[in-house]
Amino acid sequence: MARFRNNKKGGFVKPVVKKQKGVDHVTGEKMPKSIVFTRGKLPGSLKQLKMDLRKLMLPHTAVDLKEKRRNNLKDFLNVAGPLGVTHFLILSKTKTSPYLKVARTPQGPTLSFKIHEYSLAVDVAQSQLRPRCPQDLFKNSPLIVLSGFGSGEQHLKLTTIMFQNIFPAIDVNTVKLSSCQRIVLLNYNKDTKLIDFRHYSIRLQPVGVSKRIRKFVQSHQVPDLKNLQDVSDFITKAGYGSESEADDEAATVTLASDLGRVNKASSKSAVKLQEIGPRMTLQLIKIEEGLCSGGVIFNSYGNEDEKKKKAKEEDKMNEGDTEVD
């Protein structure tokens with residue numbers, strides 16, 4: 001039996017806009033994706049640092065990438081195109097110290113950092129009394145916060161742009177609070193010219209709610225009340241505020257929407273950061289125009305290109321003086 005189409009005019013139906021895969025919905029550009037790999041022979045601790053960086057870059061990275069000794073930079077570059085990879089993070093080591101290169105594919109630029117100190121995620125967790133690493137912590141990309149890079153120098157501007165583009169951009173008006181669970185903090189010290197690289201997890205705690213009540217709401221288990229005479233004793237035993245963690249007014253926010261079972265909209269919650277690693281102390285050594293090659297834009301030991309130009313100009317001036325004589 002044939003079906004007749006209903007031509008009656010209904011209400012306005014909002015068209016469904018399909019999200020394009022591999023596109024950053026905030027900037028409209030290609031979604032940042034990275035590959036973390038090593039060059040040369042590395043000790044076990046640096047190999048573990050490579051795995052920690054891969055985990056940090058989740059979910060837009062190749063976690064299970066298998067490398068071979070015979071692989072060179074061209075091999076990774078050939079794979080980067082079909083996979084939509086936009087950045088390389090390359091770990092290497094010389095006789096003196098390890099290095100980290102952050103490069104934009106396929107044409108650069110490339111930032112080279114000297115790693116003065118580093119701590120693995122395992123070391124950070126072992127130093128904490130109660131390490132926190134829930135299963136869904138790495139489902140979304142971390143937020144990026146840069147501090148101390150606003151001096152206006154060219155090499156600091158390039159560093160800022162590189163690290164901002166290595167993670168997906170966010171729209172403050174449309175971002176879901178549940179997706180903001182990690183943060184990467186880079187702090188530049190003008191005196192030492194070193195960059196502190198830190199990786200934290202973000203958690204919110206309602207202000208004015210005791211630790212006992214918070215645990216009761218978050219868990220689905222019935223509390224043990226056998227030693228209490230009344231239910232009110234369970235609530236008032238620990239007080240209305242958390243005795244172990246004081247609420248800092250500067251670290252409190254008012255939520256725009258509900259987040260979990262405890263943090264409700266229009267209520268104040270305290271922002272707590274807990275380091276999950278890895279931790280690094282970096283020094284910007286060199287910036288190259290291309291992918292691990294090309295002209296040197298910045299060199300912490302002095303710009304070689306500028307030195308060559310000055311030397312040529314001085315030679316020309318000296319030749320002109322000799323001709324006049």
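Guide: A residue is called buried when its relative accessible area is under 20%, exposed when it is over 50%, and partly exposed in between, with a 1.4 Å probe and protein chains only. This is a predicted model, in which local features need pLDDT of at least 70 and side-chain atom pairs count only at pLDDT 80 or more, while totals for chains, interfaces and linings use all residues. Residues are numbered from 1 along each chain as its sequence is written, and side-chain values use heavy atoms, with hydrogens and water left out.

Visitor: What share of the residues in the protein chain is buried?

Guide: The protein chain has seven helices and 11 strands, which are DSSP runs numbered from the N terminus (helices are H or I with at least four residues, strands E with at least two). Of its 325 residues, the buried ones make up 34%.

Visitor: Which residues touch the most other members of the largest nonpolar core?

Guide: A nonpolar core is a set of buried Ala, Val, Leu, Ile, Met, Phe, Trp, Tyr and Cys residues joined through side-chain atoms within 4.5 Å. The largest such core has 31 residues, and the elements that give two or more residues to this core include α1 (44-56), β3 (98-104) and β10 (279-288). The members that touch the most others are Leu-49, Leu-100, Val-102, Phe-113 and Met-280.

Visitor: Is Thr-61 buried or exposed?

Guide: Thr-61 is found in the loop between α1 and α2 (73-83), and its side chain reaches the backbone oxygen of Ser-34 at 3.0 Å. Leaving aside neighbours within four places in sequence, Thr-61 is in contact (heavy atoms within 4.5 Å) with Ser-34, Ile-35, Val-36 and Arg-54. Because its relative accessibility is 15%, Thr-61 counts as buried.

Visitor: What kind of aromatic pair do Phe-37 and Phe-88 form?

Guide: Rings of Phe, Tyr and Trp (its six-membered ring) pair if their centres lie within 6.5 Å, and planes under 30 degrees apart count as stacked, over 60 as edge-to-face and the rest as tilted. For Phe-37 and Phe-88 the values are 5.3 Å centre to centre and 80 degrees between the planes, and the pair is edge-to-face.

Visitor: How many residues apart in sequence are the parts that this pair ties together?

Guide: Both Phe-37 and Phe-88 are buried. Phe-37 lies in strand β1 (residues 34-38) and Phe-88 in strand β2, so the parts that the pair ties together are apart in sequence by 51 residues.

Methods. Polar contact = N/O pair within 3.5 Å; in protein donor to acceptor, adjacent residues only side chain to side chain.
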